[in-house]
Amino acid sequence: MHDIRAIRETPDTFVAGWSARGVEDAQALVAEILSLDTALRAAQTAGQDALARRNATSKLIGAAMGKKDMVEADRLKAEVEGLKAEIAAAEAVEADKGTALRDLLAAQKNLAADDVPDGEDEAGNVEVSVWGEPRRTGPAKDHADLGEALGLLDFEAAARMSGARFAVLKGGLARLERAIGQFMLDLQTTEHGYLEVNPPLLVNDAAAYGTDKLPKFADDLFQTTDGRWLIPTAEVSLTAMAMGQLLPESAVEVPMRLTALTPCFRAEAGSAGRDTRGLIRQHQFYKVELVSITRPEDSDAEHERMAICAETVLKRLELPYRRMLLCKGDMGFGAKKTFDLEVWLPSQGTYREISSVSNCGDFQARRMDARFKRAGGGKPEFVHTLNGSGLAVGRTLVAIMENYQDEGGRIAVPEALVPYMGGLTHVGGA
């Protein structure tokens, strides 16, 4: 959500900012927002003026009746009725314009930070760093082929019971997925200071709206018959822990760092034809989410820290990856700055996204009214929120399967995961 006062005071900033994020006619958009704002404030002023006149006139009725001047009392009563109608009309306009303005503002992307590069799509993203060398020099089996050949990955059974974009993992592969999630969670809690949370998987409209998933991305979510939403990521539940709260500065002076390992559910409504086979783009998957809630002056440093926390997982698993700074046209809706971590997949001969780490500034906090009060006094301020994958468990499994497969078709277990696998060093094969 955007601050309407900022749009009033610096409209050109929003014209330029939204243009850079792909809005076709940002000038007209800002003009429409300001027109609604003007009409809203005019209705509010008219309603307040009519209310003040009604209150003053109501007092005169008593005085007229005390003087037994019934003609004047009747005239004043009629005037009060007319003012009531004016108030009702003003309130109707205020409600109409207020709803229209909120809906319009809620549909607009966050503005990008100053150091985010220009660009329309992923071609404009900038490589920040590269770590590690590909483990394989020869041809590699696609993870789906490898898993099916080992008898540990069953897409047909999943399709019979659930349809496309689901998978059944069995035996050592199921255990390896569980080990990955536990390893990630332990790393983030014991070494990086994140508080483990077991949050709800179903959330209400307010939580989904506050984390900018509604109304724009309703088609990408699954909704229950009672109106709740299955979380597309634990970002929603974890960030919503600050929803409607006025926190003391002590709660965010050292950023509030939260993590959770949860199932995630996505309809993938806009992904027809992309990654239809395999584990990369599923309706249901596991992810370790990282969320930070900070003071505004701390969010840039926290963003870098969060990216490093996610990168540490890939380094410990010895998976080659690169960090990308997303351009303005490729960032997510609520982000002001995003780093993507992309892991090397030898079967595709390219890097694929495995984590997206974003600083949302006060964008989500405004939508969910999450604020803090400084110890030295002053007005409450909106917190800054950040989120990132630490990491997507299924995609990490894919990367391990492809990077750690041997010539005999087995999957070597990364050294960091061996303790989580009960000492097993390989999955599949004899």
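The model is predicted, so local features need pLDDT of at least 70 and side-chain atom pairs count only at pLDDT 80 or more, whereas totals for chains, interfaces and linings use all residues. Residues are numbered from 1 along each chain as its sequence is written, and side-chain values use heavy atoms, with hydrogens and water left out.

Helices (H or I, at least four residues) and strands (E, at least two) are DSSP runs, numbered from the N terminus. H7 and helix H11 (residues 299-316) pack at about 130 degrees, with axes 10 Å apart. Axes are lines fitted to C-alpha atoms, for helices over the stretch in contact, and angles run from 0 to 180 degrees between N-to-C directions. H7 and H11 are therefore oblique to each other. Angles under 35 degrees count as roughly parallel, over 145 as roughly antiparallel, 65 to 115 as roughly perpendicular, and the rest as oblique. On the H7 side, Phe183, Met184, Leu187 and Gln188 meet Cys309, Ala310, Thr312, Val313 and Arg316 of H11; contact means heavy atoms within 4.5 Å. This contact of H7 with H11 comprises six nonpolar, two polar and one charged residue. Ala, Val, Leu, Ile, Met, Phe, Trp, Tyr, Cys and Pro count as nonpolar, Asp, Glu, Lys and Arg as charged, and the others, Gly among them, as polar.

An open sheet of eight strands has the order E1-E11-E12-E13-E16-E10-E9-E4, with mixed pairing. Strands pair if DSSP finds at least two bridges between them. Strands E1 (126-131) and E4 (195-196) stand at the edges with a single partner strand each, so one side of each lacks a neighbour in the sheet. E4 and strand E9 (residues 256-265) run parallel, joined by two bridges. Leu195 stands opposite Leu258 in E9.

Helices also cover the sheet strands. H7 (residues 171-190) lies across E4, E9, E10 (284-294) and E16 (384-392), at about 165 degrees to E9. H13 (residues 393-403) lies across E9, E10, E12 (337-345), E13 (350-359) and E16, at about 35 degrees to E16.

The axes of H3 (residues 26-66) and H4 (residues 70-106) come within 7 Å and cross at roughly 160 degrees. H3 and H4 are therefore roughly antiparallel. Their contact has 25 nonpolar, five polar and eleven charged residues. H3 passes H4 in a left-handed crossing.

How values were computed:
Left-handed = near helix turned anticlockwise from the far one by under 90°.
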